[in-house]
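Dear colleague,

I am handing over the structure we spoke about, and below it you will find what was found in it. Please have the model open while you read.

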Amino acid sequence: MTWTRSPATVARVTENPTPIAATRERTVDGFVREFLRELNFGQGVDLSRASVNDQYLAMARTVRHYLMVRWLETLRRQGELQAKSVAYLSAEFLLGRQLDNALLASGLEEIVEEGLSSLGIDLATLREAEVEPGLGNGGLGRLAACFIDSLATMNVPCIGYGIRYEYGIFQQTFVDGWQVEKPDDWLALGSPWEFPHPEAAVRVSFGGTVEQYQADDGVIRRRWTPGWSVLAVPYNYMVPGFENGRVNTLRLWSAEATHAFDLGIFNSGDYAEAVRAQTFAENITKVLYPEDSTPQGKELRLQQQYFFVAASLKNFIDEVLPDGYDLHNLPDRINFQLNDTHPVIAIPELMRILVDEKGWDWDDAWSVTSKCFAYTCHTLLPEALEVWPVDLLGRLLPRHLEIIYRINDAFLAELRETYPDDELRVRRMSIIAEYPVRAVRMAYLATVAGTKVNGVAELHSQLLRDKVLNDFSEYYPDKFTNVTNGVTPRRFVRLANPGLSGLITEAIGDGWITDLDRLQGLEPLADDSEFRRRFREIKTANKHRIADVLVHRDGIVVNPDTMFDVMVKRLHEYKRQTLKLLHIVSLYEQVKSGKLDIAQVTPRTFAFGAKAAPGYLLAKQIIGLINAVGRTINDDPALEGRLTVAFPANYNVTLAETLIPAADLSEQISLAGKEASGTGNMKFTLNGALTIGTDDGANVEIRRLVGDDHFFLFGLTEPEVSDLVDRGYHPSAYYETNADLRHALDLIASGAFSRGDRTVFEPIVSNLLHEDRFLALADFQAYVDAQARVDTFYADTDQWTRSAVLNVARAGFFSSDRSMRDYIERIWHTPPVLP
Ligand SMILES: *Cc1c(COP(=O)(O)O)cnc(C)c1O
């Protein structure tokens with residue numbers, strides 16, 4: 001006998017008999033009453049015994065109540081209007097902390113601060129109690145979070161669908177300078193921002209067999225008999241718009257066993273066996289894969305992808321759409337946006353639902369399916385393009401593999417008509433790769449089935465058309481488009497940089513928070529010395545703020561009176577943290593060898609933040625080397641404290657929010673043609689840092705907008721890189737001809753940063769000398785020269801500040817609100833629904 005959960009029942013009885021109170025009392029007293037009620041009746045403690053965590057949870061729930069009315073209202077209206085919506089499908093949502101954003105969106109900041117303080121509680125202390133949900137690796141996941149924030153703020157109906165990983169991105173610690181990963185148990189102390197709905201769980205199935213049968217209508221059909229299933233339980237999160245009354249939904253799925261407990265087995269005494277099935281099911285959403293840009297092709301990963309996508313489609317069709325909805329109209333009602341290839345298995349899943357479950361014929365199903373999806377590509381690295389071996393996919397999702405083959409057959413037949421004499425091209429474009437193993441190319445499937453394919457910055461979209469997906473752009477010229485990424489100004493300016501926000505608002509009013517182009521109004525103030533003085537004061541205050549954080553968080557001491565030169569992003573060879581490191585080592589070597597007088601060196605704090613995928617050994621070595629160089633430099637009295645390396649562990653959204661507003665110099669130094677867009681670069685520009693960067697990703701657009709005079713460009717361009725690689729790149733030639741470079745590499749090789757041990761960092765040196773896939777040595781001199789220009793420019797404080805102000809004034813384009821406008825105009829055609 002097994003115990004099974006009762007089927008989801010939704011009581012659709014009547015409207016709320018009495019309207020919900022319009023809002024909670026928005027006064028300090030009202031807040032205090034609500035807060036104490038939550039503390040007493042929600043947490044079960046009184047104020048005198050409440051821990052900081054009790055206070056945080058009670059406050060979070062109180063704030064949540066204020067947003068709840070708006071959420072219910074949004075849902076009610078959505079059900080009524082059935083307006084065209086966006087379903088943003090993403091395996092990652094790197095949300096960051098929720099409390100401040102909820103306070104901002106609801107306009108409760110002041111009331112809460114005052115209310116808590118009247119009880120002797122410091123809001124800042126409670127803020128620190130929040131553990132950020134790290135449900136993403138880096139840029140891709142953070143982009144998803146910025147996008148849903150913008151859509152809510154712009155009154156566009158959107159539902160985010162993703163995975164509620166029990167363990168998010170690992171916590172990085174350093175042991176003797178080496179990265180050691182700890183599990184991110186972000187749910188341990190409770191998560192007040194989520195609403196579980198076990199009664200709305202849906203079943204997701206895997207494995208099994210497919211057979212042919214004759215249906216009642218006489219038609220021959222395929223029937224999938226799955227081998228096993230799990231339950232997908234939705235957890236809803238509020239996505240509040242900024243002061244506009246809308247609260248959209250983010251729905252993250254958690255896996256549970258279909259029968260939590262096999263009582264038969266349990267009664268027979270095998271407790272462990274009874275629990276095994278449950279553990280197996282729950283594994284699916286146990287942990288976020290920590291690989292950024294390099295998929296591992298693991299079976300569990302494919303399970304995760306299908307799990308969340310199948311649950312989301314079912315949820316949308318069965319619950320969000322009204323009863324009896326005619327699915328032929330689906331393309332008028334929804335856009336499923338595929339955030340990279342992770343959710344692409346949704347395409348055969350929708351075909352399966354329409355053909356197998358609804359009994360549609362293939363062409364009808366294809367006609368609808370091929371109008372519902374659009375695909376965002378996030379990479380240019382060939383190794384990052386996801387493929388699933390056919391035998392793995394066929395074992396886990398046999399019916400889906402059949403459907404993919406049939407889609408491919410039709411597609412290849414179409415191609416052969418267009419290119420009758422070009423079988424080579426037809427094979428190149430096949431959704432099924434034959435080598436090195438037969439595998440499904442998910443990007444190709446998404447391109448064939450999607451209405452649009454977009455890159456994430458102009459250069460990236462161009463390279464997608466010209467290189468990565470060139471055959472497809474020739475075949476489908478109208479499918480390809482660009483939407484340059486953006487970041488939300490609410491989190492990354494208004495909340496992260498209250499000082500600058502106040503100054504901006506004082507100068508041009510607060511309309512910029514939802515209309516970032518208004519920052520242009522700051523332009524004339526770049527020439528106002530009083531404005532510049534205040535701007536600089538804020539930058540200095542932000543440096544003091546991060547200095548404080550670094551001391552308490554990491555025991556790192558930095559000097560706020562130095563230039564803050566910051567490189568924070570995932571550790572990846574293509575991003576070239578080693579290039580910045582070589583510059584630092586070179587400076588150090590020149591001082592030590594007497595070539596450079598330390599008194600002539602601009603005092604700088606070199607800040608790094610970066611996690612490496614646990615299996616990416618070279619990246620972990622680079623982390624070890626940065627820390628080793630840092631240790632040596634920071635302790636060497638010969639530098640007179642003028643150069644400091646600060647590498648706080650565990651770079652995440654929370655750290656980004658305090659570190660970026662303190663930066664003078666933003667390091668965006670990827671090899672041209674490798675960084676799809678970058679969004680870190682935008683956050684820095686908006687916070688008044690100047691960029692030293694290559695002609696790559698969105699740097700190209702940043703430079704064009706802020707102007708050449710306010711951006712430190714260096715390095716090979718993408719065509720130059722291609723040329724050099726085609727001609728044959730030999731990194732050792734740069735080593736031999738560039739003495740500074742040679743001395744820096746020799747110093748590392750000598751064991752100077754590894755207590756004399758020459759073996760420790762040998763793999764890095766050897767990789768740079770013999771392989772250097774991302775041409776760090778080729779760009780070294782150009783980078784050093786650009787850094788010299790930075791020093792000269794920085795020496796003139798007024799000139800520097802003027803440029804920093806102009807960077808802010810000209811960066812409004814990089815709001816994710818603008819990205820959303822572009823998606824709406826070029827891809828979704830979903831008008832806002834005004835309240
Ligand atoms: C913005 C952001 C990123 C992306 O940074 P890039 O420099 O664009 O790679 C990664 N991680 C976190 C925590 C971020 O906030």
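**Around helix 30**

Helix 30 is followed by Asp 772, which has a positive phi, near 45°; helices here are DSSP runs of H or I with at least four residues, strands are runs of E with at least two, and both are numbered from the N terminus. Please note that this is a predicted model, in which local features need pLDDT of at least 70 and side-chain atom pairs count only at pLDDT 80 or more, while totals for chains, interfaces and linings use all residues. Residues are numbered from 1 along each chain as its sequence is written, and side-chain values use heavy atoms, with hydrogens and water left out.

Helix 30 itself covers residues 762–770, and Ile 764, Val 765, Asn 767, Leu 768 and Leu 769 are buried in it, where buried means under 20% relative accessible area, exposed over 50% and partly exposed in between, with a 1.4 Å probe and protein chains only. These buried residues pack against helix 22 (577–592), helix 23 (617–635), helix 28 (731–737), helix 29 and helix 31 (776–795). Within helix 29 (residues 739–749) lies Asp 740, which is buried at a relative accessible area of 16%. Apart from its neighbours within four places in sequence, Asp 740 is in contact with Ser 586, Gln 590, Lys 595 and Phe 780, contact meaning heavy atoms within 4.5 Å.

**Backbone details in loops**

Asn 155 is not a glycine, yet its phi is positive, at about 65°; Asn 155 sits in the loop between helix 6 (139–153) and strand 4 (158–163) and counts as buried at 9% relative accessibility. Asn 650, also not a glycine, has a positive phi of about 60°, and its place is the loop between strand 22 (643–646) and helix 24 (653–659), where Asn 650 is buried with a relative accessible area of 9%. A cis peptide bond, with omega about 0°, joins Tyr 435 and Pro 436, and Pro 436 lies in the loop between strand 16 (432–433) and strand 17 (439–441).

**The protein as a whole**

The secondary structure comes to 33 helices and 25 strands. The radius of gyration is 28 Å, close to the 28 Å that the globule rule gives for 835 residues, so the protein is as compact as a globular protein of that length; the radius is taken over C-alpha atoms, and the rule is 2.2 Å times the number of residues to the power 0.38. Of the 835 residues, 60% count as buried.
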